[in-house]
Amino acid sequence: MSDMKQENINSTKYDIPPEIEGQVTITTLDKIYNWGRRSSLWPIMFGLACCAIEMICTAASRYDFSRFGMEVMRPSPRQADMMIVSGTVTKKMVPQIVRLYNQMPEPKYVVAMGACASGGGPFKEGYNVVSGIDKYIPVDVYIPGCPPTPQALLHGLISLQRKIDTQSIKEVRWYKKEPIEAIPIPILGPDIIDPREIELIQAYTQKKLEQTESPSEREET
Amino acid sequence: MSEQSTTPVVNFLLEDDLTNRFPEYVSPDTRKGYEGYIVSADKLLDVATTLRNEMGYDYLSSVTGVDYLPEGMLEVVYHAFKSTGGSGLVFKVQVPRVNPVVPSLVPVYPGADLQEREAWDLLGIRFAGHPDLRRILMWEGFSGHPLRKDWSEPYFETAGKPFKSRWPEGLIQRSEDEIPFAKNVDYPEGFNPETWVPDKDALLYSSLARSKIHGENSDIQTDTVVVNMGPQHPSTHGVFRVVVELDGETILSLKPVMGYLHRCHEKIGERNTFLQNMPFTDRLDYLSSMSNNFGYALAVEKLMGINPPERAEYLRVIMAELTRISNHVFAIGMFLNDLGAFFTPSLYALEERELILDVFEAVSGSRMMCNYYRFGGVARDLPEGVLEKIHGLVFERLPRRIDELDLYLTNNEIIRSRSEGIGVLTPEQAIAFSAAGPVLRASGVPYDIRRADPYSIYNRFDFDVAVRYHGDTYDRYLIRIDEIRQSLRILQQAVNDIPNGPIQEGKPQYQVRVPAGEAYGRVEGPKGELGFYIISNGKPNPWRYHVRAPSFINLTPFEEMCVGDKVADVVAILGSIDIVLGETDR
């Protein structure tokens, strides 16, 4: 891992003639590829709740995450590399979040900021609250806190950079031949419906129906 | 004073006359700990008209419902006030739980519009005569009305906290493991997702005016265009959605759509113990958590009949006023963002806010979610050196920086041309639509609860109620600068006068005893009147816990302000109302 550090990019086993030293760099493709990506992670400009305010503070002059290459907040998902899910995800909002995630081009990353986005947080028991965005989209980094301080958010973003450093161009999913499936968008029914679970829901509601039709059987079993 | 002398003197009816006027339909509420009148549903409109026209209760602050499951009835509770000040009047309507219908008060008090929709959505009370009775926080098609006491969510464990599963016996259960889907969803029996047709907002779009427009040659008809802004939009201040109907660029009608951050605050609040609700109030208007604590503490203290000691009162006022400043500088910064001055003014505004957050972190341990107020006091005293820091802020740094903001922004050509005369709300409309806080005062109504119905120790301080008279977007910006200056005046007096002494009445308790009864506590929050309506039945959890959220109710006149202006002005007008979605949707 230590050789993945940015300052080690220039140190190679190869001797560089002294007259062109400082003008030529020899490195591996993975390192230069990841270095470029990790230094220009553009988040999608998208705030959900309280955590969004701390995200704004992190973007402002005191904490300033542009020091790490993240200053360009993009209002359009098409131009973003990373989604900071900053706040409570509700059932009414989750179809839009999944849609935004699908619209982001690969490579894309998701940071679950705060207790609510990670697992529902203090509002977990609420009828309109999704207990963690990872129930719908894959998450790369979880940041604890309610809300996480700007320092914690910065730490989470640096952790994401470390994760990027470990990826290899040979293995990443976005250069594989097979297409990447979009995540099916949840449907607002009597409760939120995940299209991946339709059969499970049918079995569940049928069983419930049978139970209410013959309550005596239920008591026996 | 000249304002008052020009208004005609009206001999208002006294409250006692209400029962005489409608002897068979109005009776005093005699339940122990309750106040106000119970009105028969048939005569509600007549009583409300009398209240407004003859008794002077022209400002309907809060409308909410209560589910009395044991008594088998639903109750709609109205809190009306006089826009000239003074304490309020409560009146209630009782209807059976099966098929409850109450006449809508929108014709008398247009400010009831969104609140009645909320009561329909969450409690299933139908308001006859409401112009647009749709669900507001949940979506059309959601099963059930969640605030009913016999409705329980998938993760339901017991009616009151603390839950057994969270007791530290090493046996931690996850709610997910109890449910086949491993998330908090539940479906009615026999529901088939394959045949389900989701609501495509047909009701929402049909509520727009949808008028055909005649071209200049009257035989040509053109269609209007419907534009959706949000819920993911950089200038909606969160997950807020606006549907506008346009003729070219001109707005014909507009509907706010909310609920994208509905976190079930009230349902969770009715399960929490009284003290457990305190940190939840932080997350209502997350830009001004101290003010939210203040309102909730006042409401519960009213029920308990206690008062905090002197030093705690001063600490409360200092924190609430610092919150107002931090909220207003943030609001001004974001308003400038909305006008297109992308991020430069708001960086300066955020710099000042950070200094205030440092004070909050020092006294409460958290930058944003302070959880600082307690029933009968505050959580802890000021650490060493913090009073000096506040002193430096309110005497030196903040007055200078506010003057600087004022100097560079107020007379800026672009700001003036984008905001002067845009989104006008007249004083009559502002009162009728129950607008509160800066929105109401920028329309020329000098109504500030700190003066109109003083709470805590605000009657000791020398300050003016900021008021502006044009009611446009520019005045709503200016009034925030005025209010910051008045808050600084209060702070300067409070910092000089703060006495030493205890900060908590009696012993601090985790489980407070709250006698049965109802209470409505209200404070002048940075966004407007923040009210908490609490019903206790003597148990550790409140029976009803309702928040009168200013950001939510200030959206009632939003359409009124926008119609006739251009679509780009929607952003500016919304920025000048200054909503926070945590409070709008709760």
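This is a predicted model: local features need pLDDT of at least 70, side-chain atom pairs count only at pLDDT 80 or more; totals for chains, interfaces and linings use all residues.
As a bit of background, nonpolar side chains in soluble globular proteins tend to be buried together.

B:Y78 leads on to the strands of chain B. There, B:Y78 sits opposite B:F91 of strand β5(B), and the strands involved, β4 (residues 73-81) and β5(B), pair in the antiparallel sense over eight bridges. Strand β5(B) also has a parallel partner in β2 of chain B (residues 37-39), joined to it by three bridges, with B:V39 standing opposite B:V93. Six of the eight residues of β5(B) (residues 89-96) are buried, so this strand is largely enclosed by the rest of the structure.

Over in chain A, three strands make up an open, parallel sheet in the order β1-β2-β3. The edges are taken by β1 (82-86) and β3 (141-143), each with a single partner strand, so one side of each is left without a neighbour in the sheet. Neighbouring strands here are turned by 15° against each other on average, direction ignored. Between β1(A) and β2(A) (residues 109-113) the parallel pairing runs over five bridges, and A:S86 stands opposite A:M113 of β2(A). Helix α5 of chain A (residues 150-165) lies across β1, β2 and β3 of that chain, running at about 165° to β3(A).

What about the place where the chains meet? Chain B brings 66 residues to the contact and chain A brings 57 residues. Between them the chains bury about 5800 Å², with 63% of it on carbon and sulfur atoms. On the chain B side, B:W139, B:Y187 and B:Q232 supply 13% of the area that chain B buries against chain A, more than any other three residues. Charged pairs show up too: seven salt bridges are found across the interface of chain B and chain A. The side chains of A:E197 and B:K183 meet in a salt bridge, at 3.6 Å from N to O.

A few spots in the backbone deserve a look. Most residues other than glycine have a negative phi, and most peptide bonds are trans. In chain A, the peptide bond from A:E106 to A:P107 is cis, with omega near -10°, and A:P107 is placed in the loop between α3 (94-103) and β2 of chain A. The bond from A:C146 to A:P147 is likewise cis, with omega near -10°; A:P147 belongs to the loop between β3 and α5 of chain A.

Chain B has positive phi values at B:C264, near 60°, and at B:R586, near 50°. B:C264 is in the loop between β12 (250-257) and α6 (265-269) of chain B, and it is buried, with a relative accessible area of 0%. B:R586 comes in the segment after α20 (581-585) of chain B and, at 3% relative accessibility, counts as buried.

Methods. Residues are numbered from 1 along each chain as its sequence is written. Chains are lettered from A and ligands numbered from 1 in the order in which they are written. Side-chain values use heavy atoms; hydrogens and water are left out. Two strands pair if DSSP finds at least two bridges between them. Helices (H or I, at least four residues) and strands (E, at least two) are DSSP runs, numbered from the N terminus. Axes are lines fitted to C-alpha atoms, for helices over the stretch in contact, and angles run from 0 to 180 degrees between N-to-C directions. Contact means heavy atoms within 4.5 Å. Buried means under 20% relative accessible area, exposed over 50%, partly exposed in between (1.4 Å probe, protein chains only). Buried area is the accessible area (1.4 Å probe) that two parts lose on being put together, summed over both. A salt bridge is a side-chain nitrogen of Lys or Arg within 4 Å of a carboxyl oxygen of Asp or Glu.
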